[in-house]
Amino acid sequence: MGTPCVLFVCLGNICRSPLAEAALRVEADKAGVDIVVDSAGTGDWHVGDAPDPRAQAVARRHGIDIGGYAGRQVTAEDFHRFTHIFALDAENLKNLRRIRPSDGTAELRLLMDMVPGREGTGVVDPYYGDDAGFDRAWDDVIRAAKATVAGL
Ligand code: 4NP
């Protein structure tokens, strides 16, 4: 089997999907498995931007520097480049279904579907909230990352 290539997609690509990317990098490293990981946004407002400082802070507290990540928008081509595309919530999943080319090969699903008991739920957007929202988002993405490393 080839190396899994995993793309996480949220709205802005500055809060949730960079955290999901970081969490999977951490868990894949720990497990010693080779996974290609990236993240993108359905929106284009933050193309080229570093992650939100609050997302950078929570990642740093968990041992990973995401200051060098740069926002980008998801493309139809991503459905050929990646083996798995995970939407951070239902709204982004809906938009990804629209973007998906008919011959796209990536498996598209909701991220929290990987976590038993959390199927069908989204990672809540912490952008307009407080720091605790970023801790909750980290908690969600690390659980999903562990399940992904175990289950891919
Ligand atoms: P994210 O959060 O989708 O988790 O990156 C957001 C970041 C920015 C915006 C919305 C959500 N925004 O509207 O700019």
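The legends below describe close-up views of a predicted model.

**View 1**
Four strands make up an open sheet, arranged in the order S2-S1-S3-S4 with parallel pairing. Strand S2 (36–41) and strand S4 (107–110) are the edge strands; each has a single partner strand, so one side of each lacks a neighbour in the sheet. On average, neighbouring strands of this sheet are turned by 20° against each other, direction ignored.

**View 1. The pairing of strands S3 and S4.**
Strand S3 (residues 84–87) runs parallel to S4, and four bridges join the two. Within this pair, Phe86 stands opposite Arg109 in S4.

**View 2. Helix H4 against the sheet.**
Helix H4 (residues 90–99) packs on the sheet, where this helix touches strand S1 (5–10), S3 and S4. The direction of H4 makes about 155° with that of S4.

Which residues of H4 are buried? They are Asn92, Leu93, Asn95 and Leu96. These residues lie on the same side of H4 because they cover an arc of only 165° around the axis. An α-helix has 3.6 residues a turn, so residues three or four places apart point the same way. On the other side of H4, Arg97 and Arg98 are exposed. The buried residues of H4 are covered by elements that include S1, helix H1 (16–31), helix H3 (78–81), S3 and S4.

**View 3. The largest nonpolar core.**
The largest nonpolar core has 35 residues, of which Phe8, Leu19, Leu111 and Trp138 touch the most other members. Two or more residues of this core come from each of S1, H1, helix H2 (53–61) and helix H5 (131–151). Helix H5 gives the largest share, eight residues.

**View 4. The surroundings of Trp138.**
Which residues does Trp138 touch, not counting residues up to four places away in sequence? Its contacts are Leu19, Ala22, Ala23, Val58, Ala59, His62 and Ile64. Both Trp138 and Leu19 are among the members of the largest nonpolar core that touch the most other members.

**View 5. A separate core.**
Another core, of 14 residues, lies apart from the largest one. Its members include Val74, Ile85, Ala87 and Leu110.

Definitions and conventions. Residues are numbered from 1 along each chain as its sequence is written. This is a predicted model: local features need pLDDT of at least 70, side-chain atom pairs count only at pLDDT 80 or more; totals for chains, interfaces and linings use all residues. Side-chain values use heavy atoms; hydrogens and water are left out. Two strands pair if DSSP finds at least two bridges between them. Axes are lines fitted to C-alpha atoms, for helices over the stretch in contact, and angles run from 0 to 180 degrees between N-to-C directions. Contact means heavy atoms within 4.5 Å. Buried means under 20% relative accessible area, exposed over 50%, partly exposed in between (1.4 Å probe, protein chains only). The arc is that of the directions from the helix axis to the C-beta atoms. A nonpolar core is a set of buried Ala, Val, Leu, Ile, Met, Phe, Trp, Tyr and Cys residues joined through side-chain atoms within 4.5 Å.
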